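Take a walk through this fold with the coordinates open.

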Amino acid sequence: MATVLSLAKQYEDTIHNYMAAIDKSLHPTRALDEEMVRKAVFLVRHDGVQIHSFNEERLLLEASVKDAHSVKVVLNFGKLTAVCACPQEKTCRHRLAVIFSLYQKIDSLSEWVAKWRDKENEKLSTLTNKRSPDQWEALIRSTWREPINDYVTRNYFYFEQLYEGRLKNALSFMPLEREWKTLYKTYAHLISLTEVWETFSAGTKEVHHSFFKTWFADELHALRDMLGQLRGLHRTFESDAFFTHLRELVREFAETNDDSFSERFEIYQLFWTELFISRRERLSGLEEFRRPDERVKAFFALLLGNEVSPGNITPGAAADWVKLAVLAEEEGHQQGLSAILMAIKPHVRTFLFDGLFTQYRHHYVRVLSRLYSLIDLTEDDWEDLFTQFGHYGLPAYSAYLVEKGMYKQWAELHQLHNSPLYFAEECGLKEVHNAAPDFALPLYHRYALQHLEERSRTSYKQAVRVWKKMKAACKKSGQLPFWNDYMNEIQHRYKRLRALQEEIEKGKLL
């Protein structure tokens, strides 16, 4: 075989074609690509590449690269391909190292690497000098060019680090003019959100799902603050194109058909309730959708004060309709509120127990109870609702029973569910005590005995406090003789508990 130098000069055009392919396929802003080029250069400069043979008939060059282990590489000059024995399927540092070792025989490898690294910087510099919506979008998306590894989905802390790092890179190109800063930040957050969306959606199904959901809530809060600031700024003729483009970005994001419509729709609603608030904008908003979902139609009907007709909703969409009901309340749209709530009612139980994590159920029961109290419902409707709420609806059901004067049913409800004293007091025990003390007596008796079971002086003091309330209830209902017989029976049954007898005497219960 001729010398490597003569071989490189003979096939100079081929080597330049290899380098052009590398220049086209690898990007300096992509961390994996930059690392691959850097390691390949390191191997070349430390004599890690050895050329073994070249078959002139088949145009095959065989070489080996000394990495952690020696790796065989074959270049096909005829087909401009490279094959490596390492596990990496596509481009790897070993293939690059062999090509670089040939290239440095005919040109400066250092200069090529420098130009390759400067290429993207020049492009980004050009982008920053041209202020337009498309250029902003291209600039921000360029910081997300590197693929996201699968392990980020399974670990929220890697996800958070990655998102904050790339968002910070995108914000580094923020315009210097104060009037453009907030608008650019909004672009950066929204586009970054769309770029990381697939990873976020997958993360909500993994073990760290609660962290991903909290992150999403924080992003919504940050966007709400920025949109509020944008709304207060004076729009110039130059900025109109940016706001129009922002509308398109939000609509395209919301219109994507996948299983994350609820979250996408939440972001879409945020922009149209906080930023795009003129009637002229809202009249054209629905027309921008090719096939608007029923929830989108109802959303714009609420904003414009039009009639809302939810029709038959699916159980899986109930969460979105609950949020639309909250919007109807905020907009003072009574017809829409009533129509939406009645459409939701058959699916309340499914929504609470199949569509929500446990920690959110109490909150949504309170929300639903408040919303339903704003429309006209029959007693049968209320009974059906409270049945669907299950034990999460005890506070709401208790308030309803107290309001209706159904004190016996209230007491039976809390006996059935073994409500602790603090919970019964939160649910209206004081009102029942004042209005119908007879029905409170069995509860007081149970609470006092529960304290006695702990067999300590502290628990005996707690029991005496409960008995004092029971005595007041007996006095209020004219049952003092019953009370005296009751306490005599207690003293007799627990006569061996000296500490209890002392606390009863101190409490003057007889």
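**Strands first, then charges**

Start at I51, whose bridge partner in strand 2 is A63. Note that this is a predicted model, in which local features need pLDDT of at least 70, side-chain atom pairs count only at pLDDT 80 or more, and totals for chains, interfaces and linings use all residues. Residues are numbered from 1 along each chain as its sequence is written, and side-chain values use heavy atoms, with hydrogens and water left out.

Strand 1 covers residues 49–55 and runs antiparallel to strand 2, with 6 bridges joining them. Strands here are DSSP runs of E with at least two residues, helices are runs of H or I with at least four, and both are numbered from the N terminus. Two strands count as paired if DSSP finds at least two bridges between them. Strands 1 and 2 form a hairpin with 4 residues between them. In that turn, L59 has a positive phi of about 55°.

Now follow the chain onward. A second hairpin, through 3 residues, joins strand 2 to strand 3. Strand 3 spans residues 70–76 and pairs with strand 2 in the antiparallel sense over 7 bridges. Within this pairing, L61 has L75 as its bridge partner in strand 3. In a regular strand the side chains alternate between the two faces of the sheet.

Next come the charges. Side chains of opposite charge can pair when their charged atoms come close. A salt bridge here is a side-chain nitrogen of Lys or Arg within 4 Å of a carboxyl oxygen of Asp or Glu. How many does a search of the whole structure find? The search finds 28 salt bridges.

Take E281 and R235, whose closest N and O atoms are 3.3 Å apart in a salt bridge. This pair links distant parts of the chain, 46 residues apart: E281 sits in helix 14 (residues 279–285), R235 in the loop between helix 11 (209–232) and helix 12 (240–255). E281 counts as buried at 8% relative accessibility. R235 counts as partly exposed at 29%.

K345 and D381 form another salt bridge, with closest N and O atoms 3.6 Å apart. K345 lies in the loop between helix 17 (334–344) and helix 18 (348–354), and D381 in helix 20 (residues 379–389), so the pair ties together parts that are 36 residues apart in sequence. K345 is buried, at 11% relative accessible area. D381 is buried too, at 17%.

The side chains of R457 and E503 also meet in a salt bridge, at 2.9 Å from N to O. Here R457 belongs to helix 26 (residues 457–476) and E503 to helix 28 (residues 498–507), and the two are 46 residues apart. R457 is partly exposed at 35% relative accessibility, whereas E503 is buried at 7%. Salt bridges that share partners join R457, E502, E503 and K506 into one network.

End with D107. D107 lies in the loop between helix 4 (93–103) and helix 5 (109–129). D107 counts as partly exposed, at 35% relative accessibility.

Definitions and conventions: Buried means under 20% relative accessible area, exposed over 50%, partly exposed in between (1.4 Å probe, protein chains only).
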